[in-house]
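Subject: Handover of a structure and notes on its contents

Dear colleague,

Please find the structure below, together with its sequence. My notes on what was found in it follow directly after.

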Amino acid sequence: ETNKLYCTSVKCCIFELKAELNSDKKEKKKEAVKKVIASMTVGKDVSALFPDVVNCMQTDNLELKKLVYLYLMNYAKSQPDMAIMAVNTFVKDCEDPNPLIRALAVRTMGCIRVDKITEYLCEPLRKCLKDEDPYVRKTAAVCVAKLHDINAQLVEDQGFLDTLKDLISDSNPMVVANAVAALSEISESHPNCNLLDLNPQSINKLLTALNECTEWGQIFILDCLANYTPRDDRESQSICERVTPRLSHANSAVVLSAVKVLMKFMEMLPKDLDYYGTLLKKLAPPLVTLLSAEPELQYVALRNINLIVQKRPEILKHEMKVFFVKYNDPIYVKLEKLDIMIRLASQANIAQVLAELKEYATEVDVDFVRKAVRAIGRCAIKVEQSAERCVSTLLDLIQTKVNYVVQEAIVVIKDIFRKYPNKYESVIATLCENLDSLDEPEARAAMIWIVGEYAERIDNADELLESFLEGFHDESTQVTTQQNTQVLHKHTQNTPDSDNPDLRDRGYIYWRLLSTDPVAAKEVVLAEKPLISEETDLIEPTLLEELICHIGSLASVYHKPPNAFVEGSRGVQHKRLPARTASGESAESPDAGQSVGGVSDAPPAVIPSQGDLLGDLLNLDLAPPSASVPVVPASMQMGVDLLGGGLDSLVGLHRPSGSQYLSGDIGGSPIAVGLAGGTGGMPAGLGGTPAMGGGLGDLFDLGGGVGMATGSYVPPKAVWLPAMKAKGLEISGTFARRGGGIHMDLSLTNNAMSIMTDFAIQFNRNSFGLAPAGPLQVLTPLAQNQTIDVSLPLNTNGPIMKMEPLNNLQVAVKNNIDVFYFSCQYPISLLFVEDGKMDRQVFLATWKDIPSENETQYQIKDFHLNSDAASTKLQGSNVFTVAKRTVDAQDLLYQSIKLTNGIWALAELRIQSITPNYMLALKCRAPEVSQYICQCYELLLRN
Amino acid sequence: MIGGLFIYNHKGEVLISRVYRDDIGRNAVDAFRVNVIHARQQVRSPVTNIARTSFFHVKRSNIWLAAVTKQNVNAAMVFEFLYKMCDVMTAYFGKISEENIKNNFVLIYELLDEILDFGYPQNSETGALKTFITQQGIKSQPQTKEEQSQITSQVTGQIGWRREGIKYRRNELFLDVLESVNLLMSPQGQVLSAHVSGRVVMKSYLSGMPECKFGMNDKIVIDKQGKAGASDEAGKSSGKQSIAIDDCTFHQCVRLSKFDSERSISFIPPDGEYELMRYRTTKDIILPFRVIPLVREVGRTKLEVKVVIKSNFKPSLLAQKIEVRIPTPLNTSGVQVICMKGKAKYKASENAIVWKIKRMAGMKESQISAEIELLPTNDKKKWARPPISMNFEVPFAPSGLKVRYLKVFESKLNYSDHDVIKWVRYIGRSGIYETRC
């Protein structure tokens, strides 16, 4: 019978229905309304029946009434005048003795988006908000949010917001929960007016209601709590204590929302607190339990765990096994588990992980298999000890001859080669056997790279490369890039003895091709240069912080901030993790925690013992001293970049001869090496940051750069982010130390066709914890072809991670168009602090105390300044002369430098009057920085 | 919040469509059909973003339920709600099928109006809903004032899952400890991962508003009691039998803060059947069966498979419904099977040999051998060798969990804990019980 309801063809039925709706028989009427609703469901237009349906509203049959209401909600907007006919019934129903009917009326009225009806809604709503029955009140609370969505002004004018606020103190927990939900939603569209007014008292009320309300209400309350910033660590702890019981709730959403609150408030707890450790331990089991939920929820949980693992790896580090993929898991669960497995892989569990990955690589789903193969490569890069085993596993997989497995394996082997140069080249022969089967650009590019890189070890490298060149014009940029660079690269290796003129000519042709169209050339050369680091695919830290604040929500599933997928004003505010605030100092400034971007309190000046200092600051494995030689892998690994950079500069300078380029830049001159070491594989750095690498200035003819006469040295601005890499935004900049503070001076140029707004900046973790001390102040929109200079104050309180090179800084800049990444290097003199002058006696004792293996010698050639002038010049940049001695016609300057993180460097500068060369001896307990300080000396003296 | 909720049949025809928010238009209904239901590829995610609109979906048999939103909603909540919605519908009219949905569409609309307000989930406990949303829809009329306020206070109250004034002549409760034991074993017999996920399901037929307390051999509780001065021996002997629970979650009736502080499980139960708790253990699991596979490739066109299963529990107990599923390659042309016990069949449509044994006692073993003929293929891709999976049911809890007590207190009515008839049953089932070969 109901099937009949569903298949009504409208045209013939409207008439019939009309008759039935006006029937005297109640049953017939009801059946007719049902048919109308069924037609409405399948998308047929039954609005013509509006008056007839509304006529059925005056009934004491609740079921019929509800059906009519359903119809009204759907069609009232298209028939506003007739909808008025319903108002009387609504108003009457709001007075009904039965609370269920009162609630139904107010609930439905809020869903009818017709102005005239809304006007009539206000009085009944006001009454219902104060109804004696909690069921009516909880419905009225939501109705305020509905009304606000239709007419925000009306809600404010009528004072409903205050009534809603009062409901937070209601005796009924469900009323509280709905009021919280409504207020949270309303306050999203009024970010500034602090509607919820969260304070310790109201928080206490919420926490009490949390224990008593429905599972859904608990979610509303927890999500609201997560927006609160506790005043200090004590309040934070007490809230955490009251939220942790929720981790045992059967509803996964309650659990995830509780996890969100805990993850956020944990930020404020001191790490040495016992409770902090307890809390960390408590978080793991519920997260694991989420994985036994239904697959859709598992997916949500896994996306969130992915974030949590990045933010706090310690929580789940022992739980690797639960992320093993089950054969019958849906593909979306499998892929997410794999991601987390890689993040949790460590030396302790790598054997198990590899065994699993190998298993997965034989499964059916192509995406999954590819990802598994890629994961093996990532393990090799992440856990050095496992690299060999990974390589042999990959070789096994290549033997399977499954096409996409082979291709994927070659791509990751290339990455392994880049990470561990000259270690596994014995496998090249096997790789070369599979040359013919490669049909994907990425795999071909990888293979070309390998062949070019190890050309001298491959007998027929020429032939192999040539075979790739045949299809040159059909290839994607990725492949051609590799072809070009590798053909050129191979040339340079073979130049002295290569006598294959054909190949050489070809190289020149490509080179000319590039030089005639520099833009295209640049694009081609810069196309593919992945940074090989231990962790890949890490979410950028500020985004991660924001996403942690959105645990459980869609943002955490998409791994995107809400404004990336939500329209309009809602959800545009960026959420941030609170900063740690100690209980003593914050009482008078409740908002302190919220202004994370602002100056946070300096940590107490405790100078840790040397061992700790080094370990913490540089995050180094202290055991093998040989591990800290950064230049060697850089030059090897940057074979491609070297060329890229060379090309780039040459194109810019319009040098005519290719051969000159080839021999000059690649020949291993100090200039080229400096470039390679300095750019560290980041494409944006290729423009050459003169802050680094002494010889670069010559190459780029930057002699005219402005140096400050007094104060510290400021390198001239360099282009960090070329416009074509950033959709028209060009950023050039430099670093300066002014008045004891660090500044990043930026010039933003808009080369695009549209206006740019909403600028923001974030740094990746870096060696010295440099972080913006405030937001990027670009107050006016940036018009086409306009340039704005901005000075961004920095502090050194950010998170720390050792970078390669040490002074590398990875930066993300956002505007209304996209997010762009680039990296740049700062002169380490930026970090020389003003109180770096050491007492003579202390200097002497320290100098003796630092072992001589920590001493670095450096020569500054062709330099004619006398010792006093040099001393003055250096002092401008906080290099302080502690003492001066003159022995045998040479001046000895003893100088001290202190870095922002408390590292001291002691120097002896030997200035001979006979030769124009300075000798610099530098002692530092952290020898990693010496190299950079030496470079700065030269830079400072020459400017 | 949830902007709309749609239910489709397998063809993508809409059976139910309820829109809660103005930002969701009728075109959303079609967008989901076109991009997800009619999509050529297998669904790659339960959350889909189409033109800045997010769709969450779950499938029950061949029915699609989709929640739609344009906001940054709580995703976990949306899925929990969709599952809850399925539970509620099942409680009202049984299986979720196209037929049942069409027959009950008025009821479904009524439910959707009640349990989702402006996209915010409201009380969705069937116990409470059934007091005022009935299939007849008439019950609402002759209610007395008292009845009405009882309904509303239950729907909004602290104990939303139970109504007052329930009376039974015989106070009775049934406790089922249902465990599913999961295993992933390497071909060499190494346990790669094993865990038990268990549920305590309770059927209570108790009068009034009884206060219950549930106790089990939870290691933390037992150790604490041991320390608190119970006689040493008792402490030791019970300590042996206690189990380490990795994590547990509770029905919303359980006072979580009390569990957090004292680890005691106290609650006022819903009437009828519900799931009191879920738990997970990974230590000292009794693996009821061990599967020993042996696969040998004889040339390119033949496979020899031998599988031994060993039961590993008390000889006095009987396992039931044993089924071993041995995958076969896609290019299988014929299979010959010999098994010692039970029945085995090659099922071409499922690409597997299915071996069924009705009953098997503990500490026994049985064996199957099969010869699989293969068609020669050019396919370079190797056969993925899916794991051998197993199903069974055993009359004990593989985690070792024991119910120690379930006490019932009802101060107002004159029945005591002794008067309540209690039944406890343990059932261990295979979850995903796989051995790689």
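A salt bridge is counted where a side-chain nitrogen of Lys or Arg lies within 4 Å of a carboxyl oxygen of Asp or Glu. By this rule, a search of the whole structure finds 70 salt bridges over all chains.

Before the details, some conventions are needed. This is a predicted model, in which local features need pLDDT of at least 70 and side-chain atom pairs count only at pLDDT 80 or more, while totals for chains, interfaces and linings use all residues. Residues are numbered from 1 along each chain as its sequence is written, chains are lettered from A and ligands numbered from 1 in the order in which they are written, and side-chain values use heavy atoms, with hydrogens and water left out.

**Salt bridges within the chains**

In chain A, the side chains of A:Asp223 and A:Lys260 form a salt bridge, with N and O 3.1 Å apart. A:Asp223 belongs to helix α15 (residues 215-225) of chain A and A:Lys260 to helix α17 (residues 252-266) of chain A, so this pair ties together parts that are 37 residues apart in sequence. Helices (H or I, at least four residues) and strands (E, at least two) are DSSP runs, numbered from the N terminus.

A:Asp223 is partly exposed at 21%, and A:Lys260 is buried at 6%.

A further salt bridge joins A:Lys414 to A:Asp415, their closest N and O atoms being 3.6 Å apart. Both A:Lys414 and A:Asp415 are buried. In chain B, B:Glu275 forms a salt bridge with B:Arg278, and here the closest N and O atoms are 2.6 Å apart. B:Glu275 is partly exposed, with a relative accessible area of 21%, and B:Arg278 is partly exposed as well, with 34%. Salt bridges can also be linked: A:Glu267, A:Lys311, A:Arg312, A:Glu314 and A:Glu545 are joined in such a network.

**Chain B**

The secondary structure of chain B consists of nine helices and 23 strands. Chain B has 437 residues, of which 54% count as buried. It exposes about 19,600 Å², and carbon and sulfur atoms supply 49% of that area; accessible areas come from the Shrake-Rupley method with a 1.4 Å probe, and for residues only the protein chains shown count as cover. Contact means heavy atoms within 4.5 Å. Among the contacts in chain B with a separation of 6 or more, 71% are between residues 24 or more positions apart.

Strand β1 (residues 4-8) of chain B and β2(B) pair in the antiparallel sense over five bridges; two strands pair if DSSP finds at least two bridges between them. B:Tyr8 stands opposite B:Val14 in β2(B). The hairpin of β1(B) and β2(B) has five residues between the strands, and B:Gly12 takes a positive phi near 95° there. Strand β2 (residues 14-19) of chain B has five of its six residues buried, so this strand is largely enclosed by the rest of the structure.

**Where chains A and B meet**

The contact takes 110 residues from chain A and 96 residues from chain B. The size of an interface is often given as the accessible area lost when the parts come together. Between chain A and chain B, the buried area is about 8,700 Å², of which carbon and sulfur atoms give 54%; this is the accessible area (1.4 Å probe) that the two parts lose on being put together, summed over both.

How many salt bridges are counted between chain A and chain B? The count is 13. One joins the side chains of B:Asp22 and A:Lys77 (2.9 Å, N to O). On the side of chain A that touches chain B, the largest share, eight residues, comes from helix α10 (residues 134-150) of chain A.

**Backbone details**

A cis peptide bond, with omega about -5°, joins A:Glu804 and A:Pro805. A:Pro805 is placed in the loop between β6 (787-795) and β7 (808-814) of chain A.

B:Ala51 has phi near 50°, a positive value in a residue other than glycine. B:Ala51 is found in the loop between β3 (47-50) and β4 (53-60) of chain B, and it counts as exposed at 65% relative accessibility.

With kind regards

Technical notes
Buried < 20%, exposed > 50% of the residue type's maximum accessible area, 1.4 Å probe, protein only.
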